[in-house]
Amino acid sequence: VRERRGLCYAIYAFASGLSDSGMFTIHAAGGPDRAHELFAVIRDELVKAAEEGFRAEEIARVKTQLKMGLLTGLESSSARAEQLARQILIHGRPLSTEELIEKVENVEANDLQALVERMLTSPASLATVGPILHVARFDRVAEKFTVPSIRAA
C-alpha cells in the first residue's frame with residue numbers, strides 16, 4: 001500500500017480486545033484523491049490473507065516482534081500498569097511473563113486465517129479526517145470490507 005503503490009504516507013494496524021469485545025484497526029494516512037484505491041488494496045490484502053493464510057516466516061517475525069514488545073513493555077511503569085490492567089480485564093488476573101510468551105507461541109497460522117475470515121464477515125466502521133469529497137459513502141466502502149463468506153468467494 002505504501003512502499004509499492006505509494007497510496008499513503010503512513011499505514012499500520014493494531015488490535016484491542018477485552019473479554020467480550022474487540023476491535024481491529026487499520027490506520028492509513030494519505031490524500032483524498034487516492035482513498036478509493038487505498039481501500040480497495042487494503043480489502044484485497046485482507047481477502048488474500050483469509051483465503052491463503054500467512055507464510056510461516058511472516059508469523060515467526062510477528063511473534064518475535066510481539067514478544068519483544070511485551071518484554072520491553074516491562075521496563076516502563078506506565079506500560080506495565082496498562083498491561084496488567086488489560087490482563088485483569090481479559091483474564092481476571094495478571095499473567096506471568098512465561099504465560100504471555102506461551103500464548104504468543106501457541107498462535108498458529110489457521111488461528112490467524114480464521115480471525116481474518118471473522119473480521120471480513122463482521123460489520124466495518126470508517127472514520128475519515130479532512131476533505132472527504134473523493135471518499136465514497138460509508139455504506140459503499142463498508143460493503144467492500146464485509147464479505148458474506150470467504151470460503152465461497
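Predicted model: local features only at pLDDT ≥ 70, side-chain atom pairs only at ≥ 80, totals over all residues.
Residues are numbered from 1 along each chain as its sequence is written, and side-chain values use heavy atoms, with hydrogens and water left out.

I begin with the overall architecture. The protein chain contains 6 helices and 2 strands; these are DSSP runs, with helices (H or I) of at least four residues and strands (E) of at least two, numbered from the N terminus. Along the sequence their order is β-β-α-α-α-α-α-α. Of the 153 residues, 22% are buried, where buried means under 20% relative accessible area, exposed over 50%, and partly exposed in between, with a 1.4 Å probe and protein chains only.

Let me turn to Lys67, which belongs to helix H2, residues 56–72. Which residues does Lys67 touch, leaving aside neighbours within four places in sequence? They are Ile101, Val104 and Glu105, with contact meaning heavy atoms within 4.5 Å. The side chains of Lys67 and Glu105 are also joined by a polar contact of 2.3 Å. Such a contact is a pair of N or O atoms within 3.5 Å; within protein, one must be able to donate a hydrogen and the other to accept it, and residues adjacent in sequence count only if both atoms are side-chain atoms.

Finally, Gly31 sits in the loop between strand S2 (22–29) and helix H1 (35–52). Gly31 counts as partly exposed because its relative accessibility is 32%. Between Gly31 and Tyr9, 22 residues apart in sequence, the C-alpha to C-alpha distance is 8.7 Å.
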